[in-house]
Amino acid sequence: GLTQATSGTPGRFTITANTACLRKRKGGGDNFEVEFQSSADGTKTTMSALDDNDGNYHVSYLGLQCGTHQMSVSSNGTLVQAFTVDVAPSSTSASASHVVDLNSIASPNVIGCFGSFARFNIQSMDDYGCKSGIDGSDKWVASITGPDSFVVNGVHTMNGLYEVSFVPPAEGKYTVEVKLGDTTVTHFCIEVCVGSSMYFYGDNAVEFADAGDTFSLDGNTGLTMEAWVKPLSDSGRDAYILLKDSHSQKDKYIKGYELALTDSLSSVSASVYVGAGEIRSIS
């Protein structure tokens with residue numbers, strides 16, 4: 001069309017030559033030149049209009065990069081009219097799309113360690129070199145198989161880029177199958193490392209907030225407290241490993257639960273508030 005086009009599909013419009021009295025010319029012979037200039041990088045594309053010898057001149061264009069272009073129609077060096085043309089991407093092509101920086105995340109490189117976030121990105125592309133899926137409608141799915149198996153959906157971030165983010169549940173080697181809908185785009189292997197523990201010194205800690213139905217800290221139907229701890233020195237006081245309380249609850253009046261090392265590092269104690277001012281403990 002005149003102001004809207006899609007990559008891979010010819011855009012067409014017609015120039016009609018008029019006389020000074022604004023009547024359509026009966027013959028041809030006029031010289032019309034059409035120029036497109038990309039707003040992104042200034043690239044210019046020039047073409048001539050096809051003379052129909054009846055006062056009409058036809059323009060067909062194809063191959064413009066996606067984005068906005070300034071189009072001008074001139075006759076013998078004189079500007080006749082100017083328009084803005086938007087070229088939109090066509091449908092996403094599975095064969096043209098790709099995993100971003102695949103060589104940096106695939107085995108033998110390590111994508112991350114288990115228990116922490118790992119991620120990679122997929123760039124949607126159409127068959128004509130345009131970034132597509134920019135409205136977030138592409139359905140990218142990654143099936144990850146290894147020590148554990150799970151499926152992750154790609155989430156659109158910007159400009160046709162979809163992020164696949166997950167927390168590996170175990171270390172080891174995994175196979176990743178990336179699909180666009182039901183079409184497999186690529187397979188590759190990733191490696192997940194063992195990782196390392198957190199180091200706490202003094203009063204620092206990691207704080208978790210209750211997330212309601214998604215992730216509850218209440219433990220109303222039972223709970224298991226488990227931790228691997230390597231003390232480096234005697235702190236001289238009980239050291240909390242896990243503590244569920246509020247800012248207004250202190251010491252033995254905490255209405256929650258705790259897992260702690262004794263001050264001598266000789267044992268681990270666990271305590272749970274069971275109601276009516278009663279706390280049950282075990283060491």
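Two strands count as paired if DSSP finds at least two bridges between them, and the strands themselves are DSSP runs (E, at least two residues) numbered from the N terminus. With that in hand, here's a hairpin to start from: strand 12 and strand 13, with four residues between them. Keep in mind that this is a predicted model, where local features need pLDDT of at least 70, side-chain atom pairs count only at pLDDT 80 or more, and totals for chains, interfaces and linings use all residues. Residues are numbered from 1 along each chain as its sequence is written, and side-chain values use heavy atoms, leaving out hydrogens and water.

- Five strands make an open sheet in the order 10-17-16-12-13, and the pairing is mixed.
- Strand 10 (110-113) and strand 13 sit at the edges with a single partner strand each, so one side of each has no neighbour in the sheet.
- From one strand to the next, the twist averages 30 degrees (axes are lines fitted to C-alpha atoms, and angles run from 0 to 180 degrees between N-to-C directions).
- As background, strands of a sheet pair through backbone hydrogen bonds, either parallel or antiparallel.

**Strand 12 and its partners**
- Strand 12 (residues 140-145) pairs with strand 16 (residues 172-180) in the antiparallel sense over six bridges.
- Strand 12 also runs antiparallel to strand 13 (residues 150-153), and four bridges join them.
- A142 has a bridge partner in strand 16, V178, and another in strand 13, V152.
- Next along, S143 has V151 as its bridge partner in strand 13.
- Which residues of strand 12 lie on its covered face, and which on the uncovered one? W140, A142 and I144 are on the covered face, while V141, S143 and T145 are on the uncovered one.

**Out in a loop**
- V229 is found in the loop between strand 17 (183-193) and strand 18 (239-244).
- V229 is partly exposed, at 42% relative accessible area (the partly exposed range lies between buried, under 20%, and exposed, over 50%).

Key: Buried < 20%, exposed > 50% of the residue type's maximum accessible area, 1.4 Å probe, protein only.
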